[in-house]
Amino acid sequence: MNNSLSNDFATFWIDDGILHFIYHPAVVIDLAAAEKVVTDRLRYQGEKVLPVFCDTRGIKDTDKSARDYLAKEGSIMTTAVAFLVNPPISQAITDFYIRTNKPITPTEIFTEKYEALKFLKTYRK
């Protein structure tokens, strides 16, 4: 992970034209945390619009204001988002998030990293 950036909630880096975003274990994402991760991600990626691989398996809990914020502002400067989840509970929660918050970029849920990256490769610029 050369040139990665880490904060209290996640670590991210760019590899093969895809921004990898991995939440740390047992994090709780409230609005302040959501704002921090989006701000850091945008600063890290600069002017590059990228597909995002988002490993959410470390998230312990999120609140509604954080989910609302991430659905809109969290999609800025992205061409697509692939969530990697642990089924069945986090998969159901993420599916509910996508259906109710309607992210502004193509967003899919995966349980296998390979499949998620395969999906994202079609959105590289």
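1. Is Thr39 buried, partly exposed or exposed? In this predicted model, Thr39 belongs to helix 1 and is partly exposed, because its relative accessible area is 39%, a value that lies between the 20% under which a residue is buried and the 50% over which a residue is exposed. The C-alpha atom of Thr39 is separated by 9.5 Å from that of Glu73, although the two residues are 34 apart along the chain.

2. On the overall architecture, the chain contains four helices and eight strands, and these follow one another along the sequence in the pattern β-β-β-β-α-β-β-α-β-α-β-α. Of the 125 residues in the chain, 44% are buried. The accessible surface of the chain is about 6800 Å², and carbon and sulfur atoms account for 54% of that surface. Among contacts between residues at least 6 apart in sequence, 77% join residues that are at least 24 apart.

3. Six strands make up an open sheet with mixed pairing, and their order is 1-2-3-5-7-8. Strand 1 (5-6) and strand 8 are the edge strands, each of them pairing on one side only. Helix 1 (residues 31-45) packs on this sheet, where it touches strand 1, strand 2 (10-15), strand 3, strand 5 and strand 7, and the direction of helix 1 makes about 25 degrees with that of strand 2.

4. Several of the pairings within the sheet can be followed through individual residues. Strand 3 and strand 5 run parallel and are joined by four bridges, with Leu19 having Val52 of strand 5 as its bridge partner. Strand 5 is in turn joined to strand 7 by five bridges, again with the two strands running parallel, and here the bridge partner of Val52 in strand 7 is Val81. Strand 7 pairs with strand 8 in the parallel sense over four bridges, and Phe83 finds its bridge partner in Ile109 of strand 8. Strand 7 is mostly covered, since seven of its seven residues are buried.

5. Helix 4 (residues 113-121) has four residues listed as buried, namely Ala116, Leu117, Phe119 and Leu120. Viewed down the axis of helix 4, the buried residues fall within an arc of 155 degrees, and they therefore line one face of the helix. As background, an α-helix has 3.6 residues a turn, so residues three or four places apart point the same way. The buried residues of helix 4 pack against strand 3 (18-23), strand 5 (50-55), strand 7 (78-84) and strand 8 (107-110), and helix 4 lies across these strands while running at about 170 degrees to strand 7.

6. Two residues give a view of local packing. Ile29, when residues up to four places away in sequence are not counted, touches Phe9, Tyr23, Ala34, Ile59, Asp61, Thr62, Asp63, Ala66 and Leu70. His20 lies in strand 3 and counts as buried because its relative accessibility is 5%, which is under the 20% limit. With residues up to four places away in sequence again left out, His20 touches Thr11, Phe12, Trp13, Asp15, Phe53 and Leu117.

7. Asp16, which is not a glycine, has a positive phi of about 55 degrees; Asp16 sits in the loop between strand 2 and strand 3 and is partly exposed, at 47% relative accessibility. Met77, also not a glycine, has a positive phi of about 65 degrees; Met77 is placed in the loop between helix 2 and strand 7 and is partly exposed, with a relative accessible area of 24%. For context, most residues other than glycine have a negative phi.

Notes:
Residues are numbered from 1 along each chain as its sequence is written. This is a predicted model: local features need pLDDT of at least 70, side-chain atom pairs count only at pLDDT 80 or more; totals for chains, interfaces and linings use all residues. Side-chain values use heavy atoms; hydrogens and water are left out. Buried means under 20% relative accessible area, exposed over 50%, partly exposed in between (1.4 Å probe, protein chains only). The arc is that of the directions from the helix axis to the C-beta atoms. Contact means heavy atoms within 4.5 Å. Two strands pair if DSSP finds at least two bridges between them. Axes are lines fitted to C-alpha atoms, for helices over the stretch in contact, and angles run from 0 to 180 degrees between N-to-C directions. Accessible areas come from the Shrake-Rupley method with a 1.4 Å probe; for residues, only the protein chains shown count as cover.
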